[in-house]
Amino acid sequence: MSSSPDLNVLGNYLAGEFENKAQAMSEPAWYVNLLMWQRAVPLFQEDSIALFAEQANILDLEQPYRQRLFRITPTSADGCFEVQYYMFKNPIAWRGAGRDGTLLNSLTPEKLDLLPGCSLMMNTVTISANQYKFIAKPLPHTRCKFNYAGNTIEVSLGFEVTQNEFISYDKGIDSATGKATWGAIMGPYRYTKLRQF
């Protein structure tokens with residue numbers, strides 16, 4: 001694994017259990033109260049870190065969804081990273097791994113599909129000594145599109161993370177109209193870290 005302290009700090013910031021309760025309570029018409037889990041997994045360790053992520057409505061924690069994996073690799077530019085997304089060949093097999101990390105023990109790269117075009121460039125902003133904000137945005141002129149269950153899915157991805165907050169800009173896109181259909185339609189989801197993994 002890379003010895004870059006920024007990569008290690010980034011992995012620490014990203015790993016944990018998060019909730020957007022304050023946002024959901026202040027704007028219940030626009031935001032569902034969600035729990036989100038992000039767990040480091042021992043894949044691609046030669047040059048990067050990888051995290052499993054999923055989320056669930058607080059009212060239905062037994063039905064988590066949006067299982068995904070993202071791999072973060074340092075680039076040649078100082079303080080910059082590439083974020084590459086992967087889809088699970090059988091997402092149902094990993095349902096619940098956010099809450100129970102032992103389910104990820106059998107995860108191997110062969111159980112994933114790379115999602116071409118579903119990548120972000122991430123920059124590091126120094127807030128103060130040993131405090132950072134990492135900002136991940138899509139590359140210009142790229143579209144994250146893939147097939148799932150016989151349907152073409154398009155997603156607009158992006159996030160920011162600090163030591164205690166994760167801000168998600170993810171939203172589903174109607175490919176025909178270009179309009180958002182789910183997710184951060186009225187603005188980003190703002191999660192607070194509840195516990196560290």
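**Close-up views of a sheet and a disulfide**

**View 1. An open sheet of 4 strands runs in the order 8-9-12-13, with antiparallel pairing.** Strand 8 and strand 13 (180-183) are the edge strands, each of which pairs on one side only, and from one strand to the next the twist averages 35°. Strands are DSSP runs of E of at least two residues, numbered from the N terminus, and two of them pair if DSSP finds at least two bridges between them; the angles, which run from 0 to 180 degrees between N-to-C directions, rest on axes that are lines fitted to C-alpha atoms. The model is predicted, with local features needing pLDDT of at least 70 and side-chain atom pairs counting only at pLDDT 80 or more, while totals for chains, interfaces and linings use all residues. Residues are numbered from 1 along each chain as its sequence is written, and side-chain values use heavy atoms, with hydrogens and water left out.

**View 2. Strand 9 (residues 151-156) meets strand 12 (residues 171-173) in the antiparallel sense over 3 bridges.** In this pairing, valine 155 stands opposite glycine 172 of strand 12.

**View 3. Cysteine 118 and cysteine 144 are joined by a disulfide, with an S to S distance of 2.0 Å.** Cysteine 118 belongs to strand 6 (residues 112-128) and cysteine 144 to strand 8 (residues 144-148), so the pair ties together parts that are 26 residues apart in sequence. The torsion about their S-S bond is about 90°, and the disulfide is therefore right-handed. A search of the whole structure finds 1 disulfide, taken as a pair of cysteine sulfur atoms within 2.5 Å. Both cysteine 118 and cysteine 144 are buried, that is, under 20% relative accessible area (1.4 Å probe, protein chains only).

Technical notes. Buried < 20%, exposed > 50% of the residue type's maximum accessible area, 1.4 Å probe, protein only.
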